[in-house]
Amino acid sequence: TECVSGCVCPEGLFDDGRGGCVKQKDCPCIHNNEWFSSGEKIKVDCNTCTCQKGVWKCTDDVCYGTCMIYGSGHYNTFDGKFYDFDGSCDYVATQDFCGDKNSSGSFSIITENVPCGTTGVTCSKAIKMFLGVMKTLSNRNATPLPAILEVIPDTKKFSEMTVGLYLVIEASNGVMLIWDKKTTVFIKLSPDYKGKVCGLCGNFDDKANNDFTTRSGLQESNPLNFGNSWKQSPMCPDVTQEIKPCDLKPHRKSWAEKECSIIQSEVFKICHSKVNPHPFYEACVHDACSCDSGGDCECFCSAVAAYAQECIKAEACVFWRTPDICPIFCDYYN
């Protein structure tokens, strides 16, 4: 459309984005600001994508969805919407009892949130899983919050195993719950539940912009109004304002920013183009400021581990733990 000085490719060849000219069949593809040569494959969630003539061709398997609840009120929905909500009550994390009050469903997962530190932020203390029976995972004795497991056994409905640091509950209906026995929980749902669930984890319909659907089915833009609608008891007070612990505890802010800078550092460089570090850094600083009643390092480590987990999902494996930073010694020396 206009004259620009510089180089152009000869007739029949294409700019490969890296300073060279190639035939069309050899055109590279771009993903997360990285170039991939023709024929290269990448994993996107559970699908494999192959670069063909400059365009990605992907398998169309329907993938499991994951919702993450961690630290001081951080939520990442099945559709990838990231928000904070600091309510102190029992809330519906996700369930398939949606719509009509008399609608049938097969499961419900409730998170019991309690104050965590003195600033008013909350952490998930217990997870209740209803599968016709109730299974409660709680941490009533750890720092900053404790670890008891109450089970009402029904082997036909779920299996239970320990994988590394995590307790994994896998139900026969395609619901999986992964808990670190502290303040992080992952809820995984089979593709059968797409668009059929509701709660703080959103509706799992591949659209993040409608995740704030209240219990009454209304679309909300405010995470506080959305979160309040999913409380289990009307006796619990509504959350009316977002808590900013670093403003309330300014003396902790510089320490929090210094520690959490690991997320934005060279250590995680391989992941930055795959998973945006900014919301995880902000959440880390928030948690490091708020955990002022013991367990400071545990809050920081959980926040960094949450980012590392998302990096692993994006196939960016980062070795960030050391004897000085959130050590797991068998992991380091193995």
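1. Lys 258 and Glu 259 join their side chains in a salt bridge at 3.8 Å, N to O (that is, a side-chain nitrogen of Lys or Arg within 4 Å of a carboxyl oxygen of Asp or Glu). Lys 258 counts as exposed at 59% relative accessibility, while Glu 259 is partly exposed at 26% (buried is under 20% relative accessible area, exposed over 50%, partly exposed in between, with a 1.4 Å probe and protein chains only).

2. A word on the basis: this is a predicted model, where local features need pLDDT of at least 70 and side-chain atom pairs count only at pLDDT 80 or more, though totals for chains, interfaces and linings use all residues. Residues are numbered from 1 along each chain as its sequence is written, and side-chain values use heavy atoms, leaving out hydrogens and water.

3. The whole structure holds 7 salt bridges. Among them, Lys 128 pairs with Asp 90, with the closest N and O atoms 2.8 Å apart. Lys 128 sits in strand 13 (residues 122-130) and Asp 90 in strand 11 (residues 90-95), so this pair ties together parts 38 residues apart in sequence (strands are DSSP runs of E, at least two residues, numbered from the N terminus).

4. Beyond its neighbours within four places in sequence, Ile 109 is in contact (heavy atoms within 4.5 Å) with residues including Tyr 91, Ile 127, Lys 128 and Ile 187.

Definitions and conventions:
Helices (H or I, at least four residues) and strands (E, at least two) are DSSP runs, numbered from the N terminus.
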